[in-house]
Amino acid sequence: MADEKQLIKVRYDKRAMLEELGVNPYPTKYDRDTMAAAVHENFEEWSAEERLVSIAGRLMTVRKMGKASFANLKDRSGTIQIYVTTDNVGADAYTIWKRLEGGDLVGVRGIPFRTQKGEISLQVREFSVLAKSLRPLPEKWHGLKDKETRYRQRYVDLIVNDDVRAVFEKRALIVRVVRNYLDERGFLEVETPILQPLYGGASARPFTTHHNTLDMKLFLRIADELYLKRLIVGGYEKVYEIGKDFRNEGMDKTHNPEFTQLELYEAYADYNTMMEHVENIMRAIAMALHGSTTITFQGRENDLGKPWTRLSFVDALSEKVGKDVLALSNDELRAAAKERHIELPDEASNGMIMAELFDVLVEPGIQDPTFVLDFPKEISPLAKERQGRPGVVERFEPYLCGMEIGNAFSELNDPVEQRRRFEAQLELRGPESEEAQQLDEDYLRALEYGMPPTGGLGIGIDRISVVFADQPSIRDVILFPQMRPETAPSK
RNA sequence: GGGCCCUUAGCUCAAUUGGCAGAGCAACUGACUCUUAAUCAGUAGGUUGAAGGUUCGAUUCCUUCAGGGCCCA
(Lines give C-alpha, C1' and ligand atoms only; values in the text may rest on other atoms or scores of the structure.)
Protein backbone atom coordinates (compact mmCIF):
# COMPACT_ATOMS: atom_id res chain seq x y z
CA MET A 1 0.00 0.00 0.00
CA ALA A 2 2.68 2.56 -0.68
CA ASP A 3 3.83 2.77 -4.17
CA GLU A 4 2.98 6.13 -5.62
CA LYS A 5 -0.19 5.05 -7.41
CA GLN A 6 -1.56 3.61 -4.22
CA LEU A 7 -0.67 6.68 -2.18
CA ILE A 8 -2.50 8.78 -4.71
CA LYS A 9 -5.45 6.42 -4.78
CA VAL A 10 -5.80 6.68 -1.00
CA ARG A 11 -6.01 10.44 -1.39
CA TYR A 12 -8.61 10.18 -4.14
CA ASP A 13 -10.59 7.92 -1.82
CA LYS A 14 -10.38 10.53 0.93
CA ARG A 15 -11.64 13.13 -1.48
CA ALA A 16 -14.63 10.87 -2.21
CA MET A 17 -15.22 10.41 1.52
CA LEU A 18 -15.28 14.17 2.00
CA GLU A 19 -17.88 14.47 -0.72
CA GLU A 20 -19.96 11.76 0.96
CA LEU A 21 -19.79 13.78 4.16
CA GLY A 22 -21.23 16.73 2.25
CA VAL A 23 -17.92 18.60 1.95
CA ASN A 24 -17.02 20.30 -1.33
CA PRO A 25 -13.30 19.56 -1.66
CA TYR A 26 -12.77 22.53 -4.02
CA PRO A 27 -14.89 25.52 -2.94
CA THR A 28 -14.50 28.83 -4.76
CA LYS A 29 -13.39 31.28 -2.11
CA TYR A 30 -12.42 31.75 1.48
CA ASP A 31 -12.46 35.01 3.37
CA ARG A 32 -9.38 35.18 5.55
CA ASP A 33 -8.74 38.27 7.61
CA THR A 34 -5.13 37.74 8.65
CA MET A 35 -1.94 35.81 8.05
CA ALA A 36 0.07 33.38 10.14
CA ALA A 37 2.86 35.87 10.77
CA ALA A 38 0.38 38.51 11.92
CA VAL A 39 -0.99 36.18 14.57
CA HIS A 40 2.51 35.87 16.01
CA GLU A 41 3.14 39.61 15.78
CA ASN A 42 -0.15 40.66 17.38
CA PHE A 43 -0.44 37.78 19.78
CA GLU A 44 -0.62 39.66 23.10
CA GLU A 45 -3.37 41.97 21.96
CA TRP A 46 -5.42 39.45 20.02
CA SER A 47 -5.27 36.71 22.65
CA ALA A 48 -6.21 39.19 25.40
CA GLU A 49 -9.34 40.24 23.53
CA GLU A 50 -10.01 36.64 22.39
CA ARG A 51 -10.26 37.86 18.83
CA LEU A 52 -11.65 35.36 16.35
CA VAL A 53 -9.37 35.40 13.32
CA SER A 54 -9.47 33.48 10.07
CA ILE A 55 -6.46 32.25 8.15
CA ALA A 56 -5.91 29.91 5.24
CA GLY A 57 -3.04 27.77 4.12
CA ARG A 58 -1.58 24.32 3.67
CA LEU A 59 -1.45 21.66 6.38
CA MET A 60 2.22 20.77 6.71
CA THR A 61 2.49 18.48 9.72
CA VAL A 62 -0.50 16.95 11.46
CA ARG A 63 -0.53 15.44 14.93
CA LYS A 64 -3.85 13.73 15.45
CA MET A 65 -5.07 12.29 18.72
CA GLY A 66 -8.43 10.69 19.49
CA LYS A 67 -10.41 13.83 20.11
CA ALA A 68 -7.87 16.60 19.73
CA SER A 69 -5.19 17.43 17.17
CA PHE A 70 -2.41 19.84 16.47
CA ALA A 71 -1.27 20.76 13.00
CA ASN A 72 0.97 23.33 11.41
CA LEU A 73 -0.75 25.56 8.89
CA LYS A 74 1.47 27.40 6.45
CA ASP A 75 0.64 30.46 4.37
CA ARG A 76 2.95 32.73 2.44
CA SER A 77 3.81 34.68 5.59
CA GLY A 78 4.83 31.74 7.74
CA THR A 79 3.43 28.96 9.88
CA ILE A 80 0.98 28.85 12.76
CA GLN A 81 0.04 25.89 14.90
CA ILE A 82 -3.65 25.12 15.05
CA TYR A 83 -5.48 23.14 17.77
CA VAL A 84 -8.59 21.27 16.76
CA THR A 85 -10.77 19.51 19.35
CA THR A 86 -14.18 17.88 19.35
CA ASP A 87 -15.16 20.26 22.15
CA ASN A 88 -14.55 23.27 19.97
CA VAL A 89 -15.62 22.14 16.51
CA GLY A 90 -18.12 19.39 17.35
CA ALA A 91 -17.98 15.67 16.75
CA ASP A 92 -19.24 15.79 13.15
CA ALA A 93 -16.64 18.33 12.12
CA TYR A 94 -13.96 16.35 13.89
CA THR A 95 -14.88 13.34 11.77
CA ILE A 96 -14.24 15.47 8.69
CA TRP A 97 -11.05 16.81 10.22
CA LYS A 98 -9.76 13.28 10.71
CA ARG A 99 -9.99 12.74 6.95
CA LEU A 100 -7.63 15.66 6.29
CA GLU A 101 -3.88 15.24 5.97
CA GLY A 102 -0.62 16.94 5.19
CA GLY A 103 -0.75 18.88 1.93
CA ASP A 104 -4.44 19.76 2.12
CA LEU A 105 -5.40 23.42 1.90
CA VAL A 106 -7.73 24.55 4.65
CA GLY A 107 -9.18 27.69 6.16
CA VAL A 108 -9.66 27.98 9.91
CA ARG A 109 -11.37 30.44 12.23
CA GLY A 110 -10.02 30.43 15.73
CA ILE A 111 -8.77 32.33 18.74
CA PRO A 112 -5.06 32.93 19.38
CA PHE A 113 -3.82 31.23 22.54
CA ARG A 114 -0.63 29.83 23.97
CA THR A 115 -0.24 26.10 24.57
CA GLN A 116 1.08 24.68 27.82
CA LYS A 117 4.46 24.36 26.12
CA GLY A 118 4.26 28.03 25.20
CA GLU A 119 3.65 27.87 21.48
CA ILE A 120 1.44 30.52 19.96
CA SER A 121 -1.47 28.69 18.33
CA LEU A 122 -5.02 29.07 17.13
CA GLN A 123 -7.83 27.36 19.01
CA VAL A 124 -9.97 26.39 16.07
CA ARG A 125 -13.72 26.98 16.23
CA GLU A 126 -14.48 26.25 12.61
CA PHE A 127 -12.56 25.01 9.62
CA SER A 128 -13.16 24.56 5.89
CA VAL A 129 -11.57 22.33 3.32
CA LEU A 130 -10.30 24.68 0.58
CA ALA A 131 -8.54 22.22 -1.72
CA LYS A 132 -7.89 18.52 -1.28
CA SER A 133 -4.31 17.55 -2.11
CA LEU A 134 -4.08 14.36 -4.11
CA ARG A 135 -0.34 13.81 -4.00
CA PRO A 136 1.93 13.06 -1.05
CA LEU A 137 4.35 15.75 0.07
CA PRO A 138 8.08 15.06 0.37
CA GLU A 139 9.49 14.05 3.72
CA LYS A 140 8.78 16.65 6.36
CA TRP A 141 12.20 16.72 7.94
CA HIS A 142 14.65 16.37 5.05
CA GLY A 143 12.46 18.12 2.50
CA LEU A 144 13.03 17.71 -1.21
CA LYS A 145 16.70 17.57 -2.17
CA ASP A 146 16.83 15.97 -5.59
CA LYS A 147 17.80 18.80 -7.94
CA GLU A 148 16.11 17.33 -10.92
CA THR A 149 12.74 17.11 -9.15
CA ARG A 150 13.26 20.52 -7.57
CA TYR A 151 13.75 22.15 -10.97
CA ARG A 152 11.11 20.16 -12.84
CA GLN A 153 8.48 20.44 -10.13
CA ARG A 154 9.38 23.81 -8.68
CA TYR A 155 5.92 24.00 -7.11
CA VAL A 156 6.87 21.15 -4.78
CA ASP A 157 10.26 22.72 -4.08
CA LEU A 158 8.50 25.94 -3.10
CA ILE A 159 5.96 24.16 -0.88
CA VAL A 160 8.57 22.46 1.27
CA ASN A 161 11.80 24.46 0.99
CA ASP A 162 11.43 27.84 2.66
CA ASP A 163 14.95 28.91 1.72
CA VAL A 164 14.04 28.47 -1.95
CA ARG A 165 11.01 30.69 -1.51
CA ALA A 166 13.29 33.26 0.09
CA VAL A 167 15.61 33.25 -2.94
CA PHE A 168 12.84 34.26 -5.30
CA GLU A 169 11.60 36.90 -2.90
CA LYS A 170 15.12 38.32 -2.91
CA ARG A 171 15.14 38.29 -6.68
CA ALA A 172 11.89 40.24 -6.75
CA LEU A 173 13.33 42.75 -4.30
CA ILE A 174 16.42 43.19 -6.48
CA VAL A 175 14.26 44.06 -9.48
CA ARG A 176 12.23 46.47 -7.35
CA VAL A 177 15.38 48.24 -6.15
CA VAL A 178 16.59 48.60 -9.73
CA ARG A 179 13.25 50.04 -10.87
CA ASN A 180 13.10 52.46 -7.95
CA TYR A 181 16.63 53.65 -8.64
CA LEU A 182 15.95 54.35 -12.29
CA ASP A 183 12.45 55.74 -11.82
CA GLU A 184 13.73 58.18 -9.20
CA ARG A 185 16.23 59.47 -11.73
CA GLY A 186 13.73 60.09 -14.47
CA PHE A 187 14.30 56.99 -16.58
CA LEU A 188 11.32 55.88 -18.64
CA GLU A 189 10.51 52.18 -18.56
CA VAL A 190 9.67 50.92 -22.05
CA GLU A 191 8.96 47.70 -23.89
CA THR A 192 10.57 46.89 -27.22
CA PRO A 193 10.01 43.97 -29.57
CA ILE A 194 11.00 40.46 -28.57
CA LEU A 195 10.16 39.21 -32.06
CA GLN A 196 12.59 40.92 -34.39
CA PRO A 197 13.17 40.66 -38.14
CA LEU A 198 16.89 41.22 -37.50
CA TYR A 199 18.70 40.43 -34.28
CA GLY A 200 21.45 42.60 -32.92
CA GLY A 201 23.07 44.29 -29.98
CA ALA A 202 25.24 41.33 -29.07
CA SER A 203 27.21 38.49 -30.61
CA ALA A 204 25.13 35.37 -30.09
CA ARG A 205 23.14 32.79 -31.98
CA PRO A 206 19.41 33.48 -31.98
CA PHE A 207 16.28 31.40 -31.74
CA THR A 208 14.33 31.52 -34.96
CA THR A 209 10.62 31.42 -35.50
CA HIS A 210 8.14 32.12 -38.24
CA HIS A 211 5.20 34.47 -38.52
CA ASN A 212 2.39 32.87 -40.51
CA THR A 213 0.45 35.94 -41.61
CA LEU A 214 3.50 37.87 -42.74
CA ASP A 215 5.12 34.61 -43.90
CA MET A 216 8.48 35.72 -42.65
CA LYS A 217 11.29 34.56 -40.45
CA LEU A 218 11.53 36.26 -37.09
CA PHE A 219 14.15 36.04 -34.36
CA LEU A 220 13.76 36.15 -30.61
CA ARG A 221 15.86 39.05 -29.47
CA ILE A 222 19.36 38.47 -28.14
CA ALA A 223 19.49 42.03 -26.77
CA ASP A 224 17.28 45.12 -26.51
CA GLU A 225 20.06 47.51 -27.44
CA LEU A 226 19.30 48.72 -30.95
CA TYR A 227 15.63 49.43 -30.24
CA LEU A 228 16.38 51.29 -27.03
CA LYS A 229 18.91 53.47 -28.83
CA ARG A 230 16.28 54.28 -31.46
CA LEU A 231 14.29 55.68 -28.54
CA ILE A 232 17.25 57.83 -27.53
CA VAL A 233 17.22 59.17 -31.09
CA GLY A 234 13.51 59.81 -30.55
CA GLY A 235 14.30 62.06 -27.63
CA TYR A 236 13.35 60.14 -24.52
CA GLU A 237 16.94 60.66 -23.30
CA LYS A 238 16.70 58.19 -20.41
CA VAL A 239 15.11 54.79 -21.03
CA TYR A 240 15.31 51.32 -19.62
CA GLU A 241 13.82 47.92 -20.16
CA ILE A 242 13.82 44.83 -17.97
CA GLY A 243 12.95 41.83 -20.05
CA LYS A 244 13.83 38.43 -21.41
CA ASP A 245 16.57 37.91 -23.97
CA PHE A 246 17.12 34.60 -25.73
CA ARG A 247 20.41 33.08 -26.84
CA ASN A 248 20.57 29.75 -28.56
CA GLU A 249 23.77 28.62 -26.88
CA GLY A 250 25.11 26.39 -24.16
CA MET A 251 23.67 25.97 -20.70
CA ASP A 252 25.69 25.94 -17.50
CA LYS A 253 25.60 27.52 -14.10
CA THR A 254 25.85 31.03 -15.56
CA HIS A 255 23.80 30.55 -18.75
CA ASN A 256 20.14 29.76 -19.37
CA PRO A 257 18.77 30.04 -22.94
CA GLU A 258 16.29 32.67 -21.78
CA PHE A 259 17.40 35.16 -19.21
CA THR A 260 16.42 38.52 -17.82
CA GLN A 261 18.37 41.58 -18.74
CA LEU A 262 18.24 45.18 -17.63
CA GLU A 263 19.31 47.63 -20.30
CA LEU A 264 19.41 51.35 -19.77
CA TYR A 265 20.49 54.25 -21.98
CA GLU A 266 21.17 57.79 -20.96
CA ALA A 267 21.69 60.67 -23.37
CA TYR A 268 24.56 63.11 -22.82
CA ALA A 269 26.28 60.54 -20.61
CA ASP A 270 29.14 58.15 -21.21
CA TYR A 271 30.50 54.91 -19.83
CA ASN A 272 31.85 56.67 -16.76
CA THR A 273 28.27 57.62 -15.91
CA MET A 274 27.33 53.98 -16.34
CA MET A 275 30.04 52.95 -13.85
CA GLU A 276 28.47 55.26 -11.30
CA HIS A 277 25.08 53.69 -11.94
CA VAL A 278 26.50 50.20 -11.44
CA GLU A 279 28.17 51.17 -8.18
CA ASN A 280 25.02 52.90 -6.95
CA ILE A 281 22.61 50.16 -7.97
CA MET A 282 24.70 47.36 -6.49
CA ARG A 283 25.14 49.26 -3.27
CA ALA A 284 21.39 49.94 -3.11
CA ILE A 285 20.62 46.24 -3.62
CA ALA A 286 23.10 45.23 -0.91
CA MET A 287 21.55 47.70 1.51
CA ALA A 288 18.01 46.58 0.68
CA LEU A 289 18.85 42.90 1.05
CA HIS A 290 21.43 42.86 3.81
CA GLY A 291 21.34 46.29 5.37
CA SER A 292 25.05 46.54 4.68
CA THR A 293 27.36 47.18 1.75
CA THR A 294 29.24 43.98 2.55
CA ILE A 295 27.95 40.87 0.82
CA THR A 296 29.11 37.29 1.08
CA PHE A 297 29.21 35.05 -1.95
CA GLN A 298 30.27 31.42 -1.67
CA GLY A 299 32.14 32.16 1.51
CA ARG A 300 33.98 35.26 0.33
CA GLU A 301 33.18 38.78 1.50
CA ASN A 302 32.96 41.73 -0.89
CA ASP A 303 32.59 45.36 0.06
CA LEU A 304 30.38 47.34 -2.29
CA GLY A 305 30.81 50.52 -0.28
CA LYS A 306 34.00 51.53 -2.06
CA PRO A 307 34.53 52.54 -5.69
CA TRP A 308 35.11 49.49 -7.84
CA THR A 309 38.55 48.53 -9.10
CA ARG A 310 39.31 49.70 -12.65
CA LEU A 311 41.25 47.13 -14.65
CA SER A 312 42.35 47.74 -18.24
CA PHE A 313 41.64 44.74 -20.45
CA VAL A 314 44.51 45.41 -22.85
CA ASP A 315 46.99 46.45 -20.15
CA ALA A 316 46.24 43.51 -17.86
CA LEU A 317 46.41 41.10 -20.76
CA SER A 318 49.59 42.66 -22.16
CA GLU A 319 51.21 42.26 -18.75
CA LYS A 320 50.29 38.58 -18.59
CA VAL A 321 51.43 37.94 -22.15
CA GLY A 322 54.56 40.05 -21.75
CA LYS A 323 53.93 42.15 -24.84
CA ASP A 324 51.55 44.85 -26.01
CA VAL A 325 48.70 42.69 -27.27
CA LEU A 326 47.40 45.43 -29.54
CA ALA A 327 50.70 45.41 -31.41
CA LEU A 328 50.77 41.66 -31.97
CA SER A 329 49.90 40.01 -35.26
CA ASN A 330 47.29 37.28 -35.54
CA ASP A 331 50.05 34.67 -35.71
CA GLU A 332 51.79 36.06 -32.64
CA LEU A 333 48.52 36.04 -30.70
CA ARG A 334 47.86 32.47 -31.84
CA ALA A 335 51.32 31.50 -30.61
CA ALA A 336 50.58 33.05 -27.23
CA ALA A 337 47.33 31.08 -27.06
CA LYS A 338 48.98 27.86 -28.14
CA GLU A 339 51.64 28.23 -25.44
CA ARG A 340 48.79 28.15 -22.94
CA HIS A 341 47.01 25.25 -24.60
CA ILE A 342 44.07 27.37 -25.69
CA GLU A 343 42.33 25.95 -28.73
CA LEU A 344 41.08 28.44 -31.29
CA PRO A 345 38.89 28.18 -34.36
CA ASP A 346 40.79 28.80 -37.60
CA GLU A 347 38.93 32.02 -38.31
CA ALA A 348 39.60 33.55 -34.87
CA SER A 349 40.46 37.21 -35.26
CA ASN A 350 42.86 39.16 -33.08
CA GLY A 351 40.07 40.41 -30.86
CA MET A 352 38.59 36.97 -30.42
CA ILE A 353 41.97 35.54 -29.46
CA MET A 354 42.50 38.34 -26.98
CA ALA A 355 39.10 37.59 -25.45
CA GLU A 356 40.05 33.92 -25.10
CA LEU A 357 43.40 34.83 -23.57
CA PHE A 358 41.73 37.23 -21.17
CA ASP A 359 39.30 34.58 -20.00
CA VAL A 360 42.15 32.24 -19.15
CA LEU A 361 44.89 34.62 -17.96
CA VAL A 362 43.12 37.52 -16.31
CA GLU A 363 39.52 36.77 -15.49
CA PRO A 364 40.15 34.05 -12.86
CA GLY A 365 42.12 36.59 -10.80
CA ILE A 366 39.25 39.06 -10.59
CA GLN A 367 37.73 38.88 -7.13
CA ASP A 368 36.97 42.40 -5.93
CA PRO A 369 34.17 44.36 -7.58
CA THR A 370 35.87 45.40 -10.81
CA PHE A 371 35.23 47.26 -14.02
CA VAL A 372 37.20 45.74 -16.86
CA LEU A 373 37.89 48.61 -19.27
CA ASP A 374 39.58 49.23 -22.60
CA PHE A 375 38.21 46.42 -24.71
CA PRO A 376 39.57 45.92 -28.21
CA LYS A 377 37.54 47.82 -30.76
CA GLU A 378 37.21 44.82 -33.02
CA ILE A 379 35.02 42.88 -30.56
CA SER A 380 33.00 45.94 -29.59
CA PRO A 381 31.21 47.12 -32.72
CA LEU A 382 28.67 49.29 -30.91
CA ALA A 383 31.09 51.17 -28.65
CA LYS A 384 32.79 54.47 -29.28
CA GLU A 385 36.54 54.50 -29.76
CA ARG A 386 38.51 55.95 -26.90
CA GLN A 387 40.09 59.31 -27.67
CA GLY A 388 43.90 59.09 -27.85
CA ARG A 389 43.86 55.31 -27.52
CA PRO A 390 43.36 53.81 -30.96
CA GLY A 391 42.16 50.22 -31.12
CA VAL A 392 40.42 50.50 -27.75
CA VAL A 393 36.83 51.46 -27.03
CA GLU A 394 34.99 53.13 -24.18
CA ARG A 395 33.46 49.95 -22.86
CA PHE A 396 33.48 48.09 -19.58
CA GLU A 397 32.24 44.86 -18.13
CA PRO A 398 31.38 44.89 -14.44
CA TYR A 399 32.57 41.87 -12.44
CA LEU A 400 30.90 41.11 -9.16
CA CYS A 401 32.26 38.31 -6.98
CA GLY A 402 34.29 37.09 -9.95
CA MET A 403 31.26 36.90 -12.21
CA GLU A 404 30.73 38.99 -15.30
CA ILE A 405 27.38 40.65 -14.68
CA GLY A 406 27.00 43.06 -17.58
CA ASN A 407 28.38 45.22 -20.32
CA ALA A 408 28.41 48.95 -20.98
CA PHE A 409 29.61 51.47 -23.54
CA SER A 410 29.86 55.01 -24.55
CA GLU A 411 27.53 54.29 -27.44
CA LEU A 412 28.81 54.69 -30.96
CA ASN A 413 26.59 57.38 -32.50
CA ASP A 414 28.45 58.11 -35.74
CA PRO A 415 26.38 56.42 -38.47
CA VAL A 416 29.28 56.35 -40.92
CA GLU A 417 31.58 54.66 -38.45
CA GLN A 418 28.79 52.35 -37.31
CA ARG A 419 28.27 51.12 -40.88
CA ARG A 420 32.00 50.43 -41.18
CA ARG A 421 31.91 48.47 -37.91
CA PHE A 422 28.95 46.37 -39.03
CA GLU A 423 30.68 45.64 -42.32
CA ALA A 424 33.87 44.73 -40.49
CA GLN A 425 31.90 42.30 -38.34
CA LEU A 426 30.41 40.58 -41.36
CA GLU A 427 33.81 40.37 -42.94
CA LEU A 428 35.47 39.03 -39.79
CA ARG A 429 32.91 36.40 -39.00
CA GLY A 430 31.76 35.68 -42.52
CA PRO A 431 28.33 36.47 -43.96
CA GLU A 432 26.97 33.08 -42.90
CA SER A 433 27.92 33.49 -39.26
CA GLU A 434 24.93 33.51 -36.98
CA GLU A 435 26.96 35.29 -34.34
CA ALA A 436 27.97 38.28 -36.44
CA GLN A 437 26.19 41.52 -35.76
CA GLN A 438 23.73 41.99 -38.59
CA LEU A 439 23.76 45.12 -40.68
CA ASP A 440 20.58 46.86 -39.57
CA GLU A 441 19.76 49.55 -42.13
CA ASP A 442 16.92 51.01 -40.13
CA TYR A 443 19.18 51.38 -37.11
CA LEU A 444 21.73 53.19 -39.26
CA ARG A 445 18.95 55.41 -40.64
CA ALA A 446 17.99 56.28 -37.07
CA LEU A 447 21.61 57.19 -36.28
CA GLU A 448 21.67 59.42 -39.36
CA TYR A 449 18.92 61.51 -37.80
CA GLY A 450 21.36 62.08 -34.95
CA MET A 451 21.74 60.28 -31.64
CA PRO A 452 23.14 62.36 -28.79
CA PRO A 453 26.25 61.14 -27.04
CA THR A 454 24.88 58.33 -24.92
CA GLY A 455 25.95 55.92 -22.25
CA GLY A 456 24.40 52.45 -22.22
CA LEU A 457 24.45 49.61 -19.74
CA GLY A 458 23.20 46.04 -19.62
CA ILE A 459 23.01 44.03 -16.39
CA GLY A 460 22.11 40.36 -16.14
CA ILE A 461 19.37 40.16 -13.53
CA ASP A 462 19.82 36.41 -13.11
CA ARG A 463 23.55 36.78 -12.55
CA ILE A 464 23.23 39.45 -9.89
CA SER A 465 20.50 37.37 -8.26
CA VAL A 466 22.96 34.48 -8.07
CA VAL A 467 25.42 36.75 -6.31
CA PHE A 468 23.09 38.58 -3.94
CA ALA A 469 21.13 35.45 -3.00
CA ASP A 470 24.45 33.55 -2.73
CA GLN A 471 23.30 30.67 -4.92
CA PRO A 472 25.54 28.15 -6.73
CA SER A 473 23.81 28.24 -10.11
CA ILE A 474 21.63 30.38 -12.36
CA ARG A 475 19.11 27.52 -12.19
CA ASP A 476 18.63 28.34 -8.54
CA VAL A 477 17.42 31.87 -9.31
CA ILE A 478 15.22 30.97 -12.28
CA LEU A 479 11.87 29.52 -11.22
CA PHE A 480 11.59 27.17 -14.17
CA PRO A 481 15.05 26.65 -15.65
CA GLN A 482 15.32 25.06 -19.05
CA MET A 483 15.47 21.25 -18.80
CA ARG A 484 15.42 18.36 -21.17
CA PRO A 485 11.88 17.00 -21.25
CA GLU A 486 11.05 14.01 -19.09
CA THR A 487 9.54 12.25 -22.11
CA ALA A 488 10.97 12.13 -25.64
CA PRO A 489 11.42 15.68 -26.98
CA SER A 490 9.66 16.88 -30.11
CA LYS A 491 12.14 17.52 -32.91
C1' G B 1 31.31 18.68 -27.51
C1' G B 2 35.06 16.02 -23.69
C1' G B 3 35.98 13.90 -18.68
C1' C B 4 34.23 12.32 -13.90
C1' C B 5 30.11 11.19 -10.68
C1' C B 6 24.87 10.06 -9.55
C1' U B 7 19.90 7.40 -10.54
C1' U B 8 17.39 1.78 -4.91
C1' A B 9 9.81 2.54 -1.76
C1' G B 10 6.04 8.92 -2.51
C1' C B 11 10.52 11.59 0.21
C1' U B 12 15.55 11.22 2.69
C1' C B 13 19.02 7.46 2.62
C1' A B 14 21.39 2.13 3.65
C1' A B 15 22.72 -2.68 1.50
C1' U B 16 29.89 -6.39 3.51
C1' U B 17 34.12 -9.64 -1.88
C1' G B 18 28.78 -10.73 -6.75
C1' G B 19 24.92 -14.35 -2.38
C1' C B 20 17.30 -13.70 0.70
C1' A B 21 16.67 -5.49 -1.26
C1' G B 22 16.47 -2.54 4.29
C1' A B 23 15.57 1.86 7.73
C1' G B 24 13.30 6.56 9.03
C1' C B 25 9.45 9.75 7.46
C1' A B 26 4.87 9.55 4.63
C1' A B 27 0.57 5.87 3.98
C1' C B 28 -3.00 2.10 6.10
C1' U B 29 -5.58 -0.32 10.88
C1' G B 30 -6.20 0.46 16.13
C1' A B 31 -5.35 3.45 20.93
C1' C B 32 -4.84 8.42 22.55
C1' U B 33 -7.97 15.96 24.56
C1' C B 34 -1.34 20.04 25.05
C1' U B 35 1.22 17.79 20.53
C1' U B 36 5.11 20.21 17.82
C1' A B 37 10.18 15.33 13.56
C1' A B 38 3.68 13.63 18.64
C1' U B 39 3.73 8.75 20.99
C1' C B 40 2.42 3.41 21.33
C1' A B 41 0.90 -1.41 18.86
C1' G B 42 0.32 -3.56 14.18
C1' U B 43 0.04 -3.67 8.44
C1' A B 44 1.42 -2.87 3.66
C1' G B 45 4.56 -0.81 0.06
C1' G B 46 10.31 -2.46 -4.94
C1' U B 47 10.55 -4.00 -13.00
C1' U B 48 17.07 -1.24 -7.81
C1' G B 49 16.34 4.77 -14.41
C1' A B 50 15.86 1.53 -19.41
C1' A B 51 17.81 -2.32 -22.66
C1' G B 52 21.44 -5.92 -23.37
C1' G B 53 25.82 -8.85 -21.66
C1' U B 54 29.11 -11.80 -18.12
C1' U B 55 27.77 -15.28 -14.11
C1' C B 56 24.94 -20.93 -10.85
C1' G B 57 23.49 -16.11 -9.03
C1' A B 58 23.85 -8.84 -10.60
C1' U B 59 21.49 -3.03 -6.77
C1' U B 60 26.81 -4.58 -7.11
C1' C B 61 30.95 -6.19 -12.88
C1' C B 62 30.78 -4.80 -18.51
C1' U B 63 28.27 -2.27 -22.93
C1' U B 64 24.64 1.01 -24.90
C1' C B 65 20.82 4.49 -24.04
C1' A B 66 17.93 8.23 -21.02
C1' G B 67 17.80 11.93 -17.22
C1' G B 68 20.55 14.77 -13.61
C1' G B 69 25.04 16.93 -11.28
C1' C B 70 30.17 18.76 -11.24
C1' C B 71 34.52 20.15 -13.95
C1' C B 72 36.62 21.49 -18.70
C1' A B 73 35.82 23.55 -23.79
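User: Is Arg11 buried or exposed?

Analyst: This is a predicted model, where local features need pLDDT of at least 70, side-chain atom pairs count only at pLDDT 80 or more, and totals for chains, interfaces and linings use all residues. Residues are numbered from 1 along each chain as written, chains are lettered from A and ligands numbered from 1 in written order, and side-chain values use heavy atoms, leaving out hydrogens and water. Buried means under 20% relative accessible area, exposed over 50%, and partly exposed in between (1.4 Å probe, protein chains only). Arg11 has 8% relative accessibility, so it counts as buried.

User: Which helix is Arg11 found in?

Analyst: Helices here are DSSP runs (H or I, at least four residues), strands are E runs of at least two, and both are numbered from the N terminus. Contact means heavy atoms within 4.5 Å, and leaving aside residues up to four places away in sequence, Arg11 touches a set including Glu101, Asp104 and Lys132. The helix holding Arg11 spans residues 4-20 and is α1.

User: Is His341 buried or exposed?

Analyst: His341 is in the loop between α12 (330-339) and α13 (350-361). It isn't a glycine, yet its phi is positive, about 60°. With 73% relative accessibility, His341 counts as exposed.

User: And Asp374, buried or exposed?

Analyst: Asp374 belongs to strand β15 (residues 370-376). Asp374 also has a positive phi of about 60° without being a glycine. Its relative accessible area is 3%, so Asp374 is buried.

User: Which residues touch the most other members of the largest nonpolar core?

Analyst: A nonpolar core is a set of buried Ala, Val, Leu, Ile, Met, Phe, Trp, Tyr and Cys residues joined through side-chain atoms within 4.5 Å. Ile285 touches Ile174, Val177, Val178, Ile464 and Phe468, not counting residues up to four places away in sequence. Of the 47 residues in the largest core, those touching the most other members are Leu262, Met282, Ile285, Phe396, Leu400, Ile464 and Phe468.
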